[in-house]
Amino acid sequence: MISDVCKRKLRAHYPPRSKNKHMQVKKEVRQIAREMLRASFTDGQLDRGRIASVVDSILAKKPRNYLKILEYYKRLLRLETENRHARIETATALEPQIASQVSLNLVRRYGTDLSTEFAINPALLGGMRIRVGSDVWDSSVRNRLERLQQQL
């Protein structure tokens with residue numbers, strides 16, 4: 001058992017690490033990256049020119065933890081672009097009228113800068129699967145069969 005005197009000497013030589021300092025750095029990195037993301041928009045859409053100028057200004061200034069800031073900024077940009085892209089999968093090709101109606105409904109929900117991608121996936125057996133960012137609507141026959149199998 002370590003005596004109190006020894007514990008005090010150990011604390012004097014090896015002070016405990018400050019958890020708040022580490023957390024502040026992460027919080028600071030997140031704040032700066034979010035500010036950079038907000039500065040990357042023009043009229044509600046991501047602007048490649050602004051993105052490049054924001055990155056160039058960080059590289060020129062090189063603030064503390066600038067690499068972590070850029071990594072988090074890259075992650076935020078990836079998430080933002082995923083939220084502005086819809087992937088619509090169907091078992092067979094959709095009629096143009098139905099495809100335009102689906103696109104129009106998604107644009108109403110997610111905004112005018114949403115891009116759509118239609119894909120044929122015969123494994124769905126029927127129905128449709130729509131993915132926009134982390135939102136997924138799966139009304140495919142395959143999904144319904146899998147849920148029915150889990151219930152039995």
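Tutor: A helix is a DSSP run of H or I with at least four residues, and a strand is a run of E with at least two; both are numbered from the N terminus. The model is predicted, so local features need pLDDT of at least 70 and side-chain atom pairs pLDDT 80 or more, while totals for chains, interfaces and linings use all residues. Residues are numbered from 1 along each chain as its sequence is written, and side-chain values use heavy atoms, with hydrogens and water left out.

Student: In what order do the elements of the chain run?

Tutor: The chain has six helices and six strands. Read from the N terminus, the order is α-α-β-β-α-α-β-α-β-β-β-α.

Student: What share of the chain's residues is buried?

Tutor: Buried means under 20% relative accessible area, exposed over 50%, and partly exposed in between (1.4 Å probe, protein chains only). The chain has 152 residues, and the buried share is 23%.

Student: Why does Arg 144 count as partly exposed?

Tutor: Arg 144 sits in helix 6, residues 141-151. Its C-alpha atom is 9.9 Å from that of Leu 124, 20 residues away along the chain. Arg 144 counts as partly exposed because its relative accessibility is 47%.

Student: How many charged residues line the largest pocket?

Tutor: On a 1 Å grid over the protein atoms alone, a pocket is an open set of points where a 1.4 Å probe fits, with protein on both sides within 12 Å along at least five of seven lines; lining residues have an atom within 4 Å of a point. Among the lining residues are Gln 45, Arg 48, Arg 84 and Asp 113. Strand 2 (45-46), helix 3 (48-61) and helix 4 (66-82) each give two or more. By class (Asp, Glu, Lys and Arg count as charged), the lining has three nonpolar and four polar residues, and the charged ones number three.
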